[in-house]
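Colleague: I have a structure open and would like to go through a few spots in it. Can we start with how you use the word "exposed"?

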Amino acid sequence: MNDLIAKLPKAELHLHIEGTLEPELLFTLAQKNNVVIPYPSVEAVKKAYRFTSLQSFLDIYYAGAAVLIGESDFFELTWAYLLKCQEQNVLHVEIFFDPQTHTARGIAFETVIRGITRALERAEAELGISAYLIMCFLRHLSEESAFETLQASLPFKEKIIGVGLDSSEVGHPPSKFKRLFEACAKEGYVVVAHAGEEGDSSYIWEAIRLLHVSRIDHGIRCDEDDSLVAYLRAHRIPLTVCPLSNVKLRAVNDMKNHNILKLLHQGLLVTVNSDDPAYFGGYVNENYEALIQNLHVSPEELKILAKNSFEASFLPQERKEYFYRYIDAL
Ligand code: ADE
Ligand code: ZN
């Protein structure tokens, strides 16, 4: 089965590039850039990666991102992730980045986007991995700050396919950003949002009805509302599920109780993703492996999950069909 996972072509649709910062690179960049971090060693960094909730993770994740200063840092971070994709046969990625995490520290939007896109272009050319970029707004910050970020993105619009919404969910519902997402759609951005990770199913309904998302990130709390499950199924709205993340952040108490297969069996378009792999103990393949170890997923279901990852992507239809055929032939 692990052999099948390795062989399957996969797309990753829920991945925060700042969440791929491995402790070793964090440590190296802190020294290079003279950024003080509260850890004396790589081992101490690893020890700090124990979380009790989304917020307990976000505090450490934003602190870690402070070591990213120059364009080359963003390049190196992104390139390391793309090499991992090559190793795991992840052939298409739709990557989130959080501009406000960097602009708030005085790093130019342009520095961030140039570093990331240089790595994406190299991956297309040298690794045959296609990549789209999705800019996320931090929902704990104001609508005004998000509008400023939208404005800053416009000179780079051709490099960004869409927008998303992340950070602390509870208390920051999608309704807070209704006007922002209308403006984003007018600019031609596709729209996704984190919803139903820690927040209840009403956050998912709001993301659908008020933000008009074409995908829900996480969405695992949908199963507390049968009418929502029926709606997601009828409209084939994808959920980008992140199993290891959900257990690490205690949105789910044990992998054995994760509802991803239940949702698959209910006919939902669920996909497997890593979210912040450097913090949660695994990239895409390790997330698939966790399903084998804990949920008795079958080889046929693994193939469906891999196909779903392409169906739920923003790739052109003919490219999706190429991957369906590739998977059928395995
Ligand atoms: N930013 C990075 N990872 C996140 C997650 N799992 N939920 C919300 N915001 C995030
Ligand atoms: Zn996420």
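Modeller: A residue counts as exposed when its relative accessible area is over 50%, and as buried when it is under 20%. Keep in mind that this is a predicted model.

Colleague: Then is histidine 212 buried or exposed?

Modeller: Histidine 212 has a relative accessible area of 57%. The cut-off for exposed is over 50%, so histidine 212 is exposed.

Colleague: Where is histidine 212 found?

Modeller: Histidine 212 is in the loop between helix H10 (201-209) and strand E6 (215-218). Its phi is positive, about 55 degrees, although histidine 212 is not a glycine.

Colleague: Is aspartate 275 buried or exposed?

Modeller: Aspartate 275 has a relative accessibility of 2%, so it counts as buried. Histidine 212, by contrast, is exposed.

Colleague: Back to the loop between H10 and E6. What about valine 213?

Modeller: Valine 213 is in that loop, between H10 and E6. Valine 213 counts as buried, at 8% relative accessibility.

Colleague: What does valine 213 touch?

Modeller: Leaving out residues up to four places away in sequence, valine 213 touches Val191, Val192, Ala193, Ala207 and Ile208. As for distance, the C-alpha atoms of valine 213 and alanine 329 are separated by 33 Å, and the two are 116 residues apart along the chain.

Colleague: And in strand E6, what can you say about isoleucine 216?

Modeller: Isoleucine 216 is placed in E6 and is buried, with a relative accessible area of 0%. Not counting residues up to four places away in sequence, isoleucine 216 touches Ala193, Ala195, Ile204, Ala207, Ile208, Ile237, Pro238, Leu239 and Thr240.

Colleague: Next, valine 241. Which strand is it in?

Modeller: Valine 241 lies in strand E7, residues 239-241. Its relative accessibility is 0%, so valine 241 counts as buried.

Colleague: What is valine 241 in contact with?

Modeller: Neighbours within four places in sequence aside, the contacts of valine 241 are His218, Ile220, Asn246, His258, Ile260, Val270, Thr271, Val272 and Asn273. Take asparagine 273 from that list: valine 241 and asparagine 273 are 32 residues apart in sequence, and 5.9 Å apart in space, C-alpha to C-alpha.

Colleague: Let's change topic to helices. How do H15 and H16 pack?

Modeller: H15 (residues 284-295) and H16 (residues 299-311) pack at an angle of about 150 degrees, and their axes are 12 Å apart. Angles over 145 count as roughly antiparallel, so H15 and H16 are roughly antiparallel to each other. Their crossing is right-handed.

Colleague: Which residues make the contact of H15 with H16?

Modeller: Tyr288, Leu291 and Ile292 come from H15, and Leu302, Leu305 and Ala306 from H16. By class, that contact has six nonpolar residues, no polar and no charged ones.

Colleague: How do H16 and H17 pack?

Modeller: H16 and H17 (residues 317-328) pack at about 170 degrees, with axes 9 Å apart. H16 and H17 are therefore roughly antiparallel to each other. H16 contributes Lys303, Ala306, Lys307, Phe310 and Glu311, while H17 contributes Lys320, Phe323, Tyr324, Ile327 and Asp328. The classes here are five nonpolar, no polar and five charged residues.

Colleague: Which residues of H16 are buried?

Modeller: In H16 the buried residues are Glu301, Leu302, Lys303, Leu305, Ala306, Asn308, Ser309 and Phe310.

Colleague: And how many residues does H16 have?

Modeller: H16 has 13 residues. From first C-alpha to last it reaches 18 Å, close to the 18 Å expected at 1.5 Å a residue.

Colleague: Last one: how do H2 and H5 pack?

Modeller: H2 (residues 23-32) and H5 (residues 71-88) pack at an angle of about 170 degrees, with axes 12 Å apart. That makes H2 roughly antiparallel to H5. The contact is made by Leu25, Leu29 and Lys32 of H2 with Ser72, Asp73, Glu76 and Leu77 of H5. Those residues divide into three nonpolar, one polar and three charged.

Definitions and conventions. Residues are numbered from 1 along each chain as its sequence is written. Chains are lettered from A and ligands numbered from 1 in the order in which they are written. This is a predicted model: local features need pLDDT of at least 70, side-chain atom pairs count only at pLDDT 80 or more; totals for chains, interfaces and linings use all residues. Side-chain values use heavy atoms; hydrogens and water are left out. Axes are lines fitted to C-alpha atoms, for helices over the stretch in contact, and angles run from 0 to 180 degrees between N-to-C directions. Helices (H or I, at least four residues) and strands (E, at least two) are DSSP runs, numbered from the N terminus. Angles under 35 degrees count as roughly parallel, over 145 as roughly antiparallel, 65 to 115 as roughly perpendicular and the rest as oblique. A crossing is left-handed if the near helix is turned anticlockwise from the far one by less than a right angle, and right-handed if clockwise. Contact means heavy atoms within 4.5 Å. Ala, Val, Leu, Ile, Met, Phe, Trp, Tyr, Cys and Pro count as nonpolar, Asp, Glu, Lys and Arg as charged, and the others, Gly among them, as polar. The expected span of a helix is 1.5 Å times one less than its number of residues. Buried means under 20% relative accessible area, exposed over 50%, partly exposed in between (1.4 Å probe, protein chains only).
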